[in-house]
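Have a look at the model below.

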Amino acid sequence: MFIANVTFEPKCRNNWHIHNATKGGGQILVCVGGEGYYQEWGKPAIKMKEGDVVNIPAGVKHWHGAGKEKWFSHLAIEVPAENGKTEWREPVFDKEYEEAVK
């Protein structure tokens, strides 16, 4: 099982991406500090603070990153998968980010 401690500076976020798998897979985010956001494609962003946990099923397009003014740290846990692979997609553009975290 792969676990990474990831820290984003204010306004930093990753691209839209999907954790694909033929069986199992997905990702779990555990906020360990600061304030951040998680958003699934077509849904409103969810604000995350220390102690919050998000379970992301395989096949769900999403992004995560820091809020506008605070750093954000989370543990990113890759759920064991058969044929698991992360598919990186387009950036979360500034206008889209601003709308999501207002």
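Start at Val60. Not counting residues up to four places away in sequence, Val60 touches His17, Ile18, Tyr38 and Glu40. The model is predicted.

Val60 belongs to the largest nonpolar core, which has 11 residues in all. Tyr38 is in this core too. Among the other members are Phe8, Leu29, Cys31, Met48 and Phe72. Three strands, β4, β6 (53–56) and β8 (72–78), each supply at least two residues of this core. β4 gives the most, with three residues. In soluble globular proteins, nonpolar side chains tend to be buried together.

There is also a second, separate core. It has seven residues, including Trp16, Tyr37, Trp63 and Val92.

Now turn to the rings. How many aromatic pairs does a search of the whole structure find? It finds three. Two of them are set out here.

| Pair | Centre to centre | Angle between planes | Arrangement |
|---|---|---|---|
| Trp16 and Trp41 | 4.9 Å | 80 degrees | edge-to-face |
| Trp63 and Tyr97 | 6.0 Å | 55 degrees | tilted |

Why is the pair of Trp16 and Trp41 edge-to-face? Its planes stand at 80 degrees, and an angle over 60 counts as edge-to-face. Trp16 lies in the loop between β1 (2–8) and β2 (17–20), and Trp41 in the loop between β4 (27–40) and β5 (46–49), so the pair ties together parts that are 25 residues apart in sequence. Trp16 is buried, at 2% relative accessibility. Trp41 is partly exposed, at 48% relative accessible area. Lys61 lies over the face of Trp41, 3.7 Å from the ring centre.

Are Trp63 and Tyr97 buried or exposed? Both Trp63 and Tyr97 are buried. Arg13 lies over the face of Tyr97, at 4.3 Å from the ring centre.

Lys11 has a phi near 70 degrees, a positive value in a residue other than glycine. Lys11 lies in the loop between β1 and β2. Its relative accessible area is 44%, so Lys11 is partly exposed. Asn83 also has a positive phi, near 55 degrees. Asn83 is found in the loop between β9 (81–82) and β10 (85–88). At 63% relative accessibility, Asn83 is exposed.

Definitions and conventions
Residues are numbered from 1 along each chain as its sequence is written. Side-chain values use heavy atoms; hydrogens and water are left out. Rings of Phe, Tyr and Trp (its six-membered ring) pair if their centres lie within 6.5 Å; planes under 30 degrees apart count as stacked, over 60 as edge-to-face and the rest as tilted. Helices (H or I, at least four residues) and strands (E, at least two) are DSSP runs, numbered from the N terminus. Buried means under 20% relative accessible area, exposed over 50%, partly exposed in between (1.4 Å probe, protein chains only). A charge sits over a ring if NZ of Lys or CZ of Arg is within 6 Å of the ring centre and within 35 degrees of the ring normal. A nonpolar core is a set of buried Ala, Val, Leu, Ile, Met, Phe, Trp, Tyr and Cys residues joined through side-chain atoms within 4.5 Å. Contact means heavy atoms within 4.5 Å.
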